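Reader: Hi! Could you walk me through this structure?
Author: Happy to, let's take a look together.

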Amino acid sequence: MKIKLINGPNLNFLGIREKGIYGTKSFEEVEKYVIEEGKKLGHEIISFQSNIEGELINAIQDAYLNNYDGIIINPGAYTHYSIALYDALKSVNMKCVEVHLSNVHKREEFRHKSVTAAACIGQITGFGEYGYIMAINALENSQ
């Protein structure tokens with residue numbers, strides 16, 4: 001499978017921000033891990049990160065236009081309020097899994113609601129970078 005990995009705002013600061021929540025690995029280390037593990041599972045993972053909502057929408061549309069088999073998305077804070085990302089995910093009619101490194105349900109109340117998860121086949125939360133590997137498996141094994 002060819003999978004688009006999309007990471008939203010502030011994820012480029014992994015290893016710098018809130019290490020007690022997000023760990024000490026840099027974004028580049030996490031990205032490399034996901035790409036390598038995906039390759040071991042026989043999948044091509046193409047990664048994209050942006051702090052800008054419109055660029056994330058463009059990446060979703062790019063996945064559709066370039067015939068990707070699925071999307072893994074960590075929308076960051078956009079999870080909680082971006083109808084635009086929800087609409088983009090719904091418009092492409094592709095399998096998508098939402099991933100969050102931390103367990104959002106153990107955090108602030110505003111993080112408990114995901115606007116974007118309803119456009120995905122499922123949500124994986126709280127397993128750190130391994131959540132991305134779980135998402136690869138979910139895409140591979142979903143109908």
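Author: A word on terms first: on a 1 Å grid over the protein atoms alone, a cavity is a set of points where a 1.4 Å probe fits but cannot get out, and lining residues have an atom within 4 Å of a point. Grid points are joined across faces, edges and corners, and a volume is the space filled by probe spheres set on the points. This is a predicted model, where local features need pLDDT of at least 70, side-chain atom pairs count only at pLDDT 80 or more, and totals for chains, interfaces and linings use all residues. Residues are numbered from 1 along each chain as its sequence is written, and side-chain values use heavy atoms, with hydrogens and water left out.

Reader: How many cavities of 30 Å³ or more does the structure hold?
Author: One. The largest cavity has about 30 Å³ of space.

Reader: Which residues line the largest cavity?
Author: Leu5, Asn7, Leu14, Phe27, Val30, Glu31, Val34 and Tyr132. Helix H2 gives the largest share, four residues. Strand E1 (2-7) and H2 each supply at least two. Helices (H or I, at least four residues) and strands (E, at least two) are DSSP runs, numbered from the N terminus.

Reader: Changing topic, at what angle do H2 and H5 pack?
Author: About 30°, with the axes of H2 (residues 27-40) and H5 (residues 130-141) 9 Å apart. So H2 is roughly parallel to H5 (angles under 35 degrees count as that). Axes are lines fitted to C-alpha atoms, for helices over the stretch in contact, and angles run from 0 to 180 degrees between N-to-C directions.

Reader: And which residues meet there?
Author: Val30, Tyr33, Val34, Glu37 and Gly38 in H2 meet Tyr130, Tyr132, Ile133 and Ile136 in H5. Contact means heavy atoms within 4.5 Å.

Reader: What about H3 and H4, how do their axes cross?
Author: At roughly 5°, and the axes of H3 (residues 53-65) and H4 (residues 83-92) come within 9 Å. H3 and H4 are therefore roughly parallel to each other. Among the residues making the contact are Leu56 and Ile60 of H3 and Leu85 and Leu89 of H4.

How values were computed. Parallel < 35°, antiparallel > 145°, perpendicular 65-115°, else oblique. 1 Å grid on protein atoms, 1.4 Å probe; cavity = no way out; pocket = protein on both sides within 12 Å on 5 of 7 lines; lining within 4 Å.
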